[in-house]
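Have your viewer ready and try each task before reading on.

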Protein chains: 2
Amino acid sequence: MRPDLLDRVLSLLPARSKRPELQLLFDMLRDYPQRGGKGIRSELLLASARAHGVTPGSERWEGALWLAAALEMFQNWVLIHDDIEDDSEERRGRPALHRLYGVPLAINAGDALHAYMWGAVWRAGVPGGMEEFLAMIHRTAEGQHLDLAWVEHREWNLTEADYLEMVRLKTAHYTVVVPLRLGALAAGIAPQDAFTPAGLALGAAFQIRDDVLNLAGDPLKYGKEIGGDLLEGKRTLIVLHWLARAPEEQRRVFLEQMRRNRPDKDPAAIAEIHRWLLESGSVRYAQDYADAQAREGLELLEEALRSAPDQEAARELQGGVRELATREA
Amino acid sequence: MRPDLLDRVLSLLPARSKRPELQLLFDMLRDYPQRGGKGIRSELLLASARAHGVTPGSERWEGALWLAAALEMFQNWVLIHDDIEDDSEERRGRPALHRLYGVPLAINAGDALHAYMWGAVWRAGVPGGMEEFLAMIHRTAEGQHLDLAWVEHREWNLTEADYLEMVRLKTAHYTVVVPLRLGALAAGIAPQDAFTPAGLALGAAFQIRDDVLNLAGDPLKYGKEIGGDLLEGKRTLIVLHWLARAPEEQRRVFLEQMRRNRPDKDPAAIAEIHRWLLESGSVRYAQDYADAQAREGLELLEEALRSAPDQEAARELQGGVRELATREA
């Protein structure tokens, strides 16, 4: 995220304690935000605020900045807990927090950061901001639950529609829908209804692109382990599309590996499945799907922003979301 | 908690989903609140509100009830995460949530319940309520971090003062200090400064009593596994007092067991340590300490409530806290 926003996030978090144990907690709270996340969501929120007529330096801009800080704090506490839930190894090129400090301390640090996030929302003082964050967390937790429940219950009897429902709940709300809406709220303007379908399509494009990068991305650009989704048994559009068409023997090998917990998976079999997926047309299919969702979302967004107060900022906002489905990292 | 307060908590939580996976999430959110917690903290809050002149049925009473519901929701999401952090087996006589549904789903359900709690705080609309909950969660997370960090780092080189600092942060704020203060805020009255030292002493008494019950309580009355604190390697006043005086061989056996993770501990050795603790004077020492803290806290509280608008309610409030150090469950 941009340096001044990072400073704002850090200004809300405790920095120094005389007790070394509490110093560790404070360092844990400040760890993920300082690992250089891209700040996609806060940028979208601030671009939306400008498109809605909020001028940098104004009092409303301060409100938008606190909401943007809160959104980054949301992203960071969710990542701490996600990494535990998925037992991920890495985050932004370094070991995940629970791999550095153990699961109990990391769960608790995520909870503490969650509470500090509400401090930022409260500080923003933007009417409708609290309700927006409440709805956002409820939807995100529902989507995360769907994803985790499928892993927990070894559920592979899923359609592409199931996947899309999960992704809309888990990713699209907090990545696109809510940043667009918060920008309007920061301007004191009721968010357009069309932001929801636009954001759901653009958010799905964003997540499907992430799934593609996880299998076929450049390890030097992509901050997570390539193939990590396979080890974690994640449902993706790619895998569901491939699974419906794979030769019986490949299907059998895949499902047999997916019945195992992560540490019991056979690395050679996973590497072979990874090759099958890359050689199938399913990565291409998913990327095309993401491109189509991005186009659809962008059209809806352009229409919704036609009457926005600041047209130059509206075009910048559209430029920002245009890359969601084609980014490299 | 009282049935009408449970209804209020449940009214804030989603009940029905057509998707069976989401139905599971909603059932998980409603599980711990429905297991019949005693509602000590919400009762304290409501008693404090009445002592400060809030009359049942009034608009301010509605605010107090939403804050009380939020406090119970806080307790419940914290317990979900605590049970994972401590790998507890039971909660209120049933398996802990993560033992029923797995760690990932339980972490996520705790997060969702945390967010719903803020919905209740927001709904209360009591000036100062948001700030009070923010400070409460920060202190509780710091105390929880101290406790967990000692377990994680096998730290037994601790004084009774260390234990008391941890307990004040982890338990006393949310159990006594904050309920007393929220009752005043619900009445539109600035909380008395003396509520803090009073609540810290009474909260310490409450937790030390809990430690005593965990070792020496009646299994039929106490909702958690007797001796669970030993298996979880918890620092308690009892153990720290005993450790400073135990024969060298008992000390050695104890520290050797405490270096092991829970599943690797030897049940026979733990049972023997349990007996040593019961036979030592340390349980008595801790109970006396709890009684003294309770007396001190109660004196401060009586003084602070001398000018409270409703003296009859103030006496009921004092009666409520009087039992914190001597309860059986």
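Predicted model: local features only at pLDDT ≥ 70, side-chain atom pairs only at ≥ 80, totals over all residues.

Residues are numbered from 1 along each chain as its sequence is written, chains are lettered from A in the order in which they are written, and side-chain values use heavy atoms, without hydrogens and water.

**Exercise 1.** Work out how much area chain B and chain A bury between them.

*Solution.* Start with contacts (heavy atoms within 4.5 Å): 42 residues of chain B touch 42 residues of chain A. Next, take the buried area, the accessible area (1.4 Å probe) that two parts lose on being put together, summed over both. The two chains bury about 4,000 Å², 68% of it on carbon and sulfur atoms. Finally, B:Arg19, B:Trp122 and B:His145 supply 16% of the area that chain B buries against chain A, more than any other three residues.

**Exercise 2.** Find how many salt bridges link chain B and chain A.

*Solution.* Look for a side-chain nitrogen of Lys or Arg within 4 Å of a carboxyl oxygen of Asp or Glu. The count is 4. One of the pairs to inspect is A:Asp162 with B:Arg19, at 2.9 Å, N to O.

**Exercise 3.** Decide whether α4(B) is mostly covered or uncovered.

*Solution.* Helices here are DSSP runs (H or I, at least four residues), numbered from the N terminus. Count residues that are buried (under 20% relative accessible area, 1.4 Å probe, protein chains only). In α4(B), 24 of 27 residues qualify, so the helix is mostly covered.

Definitions and conventions:
Buried < 20%, exposed > 50% of the residue type's maximum accessible area, 1.4 Å probe, protein only. Helix = DSSP H or I, 4+ residues; strand = E, 2+ residues; numbered from the N terminus.
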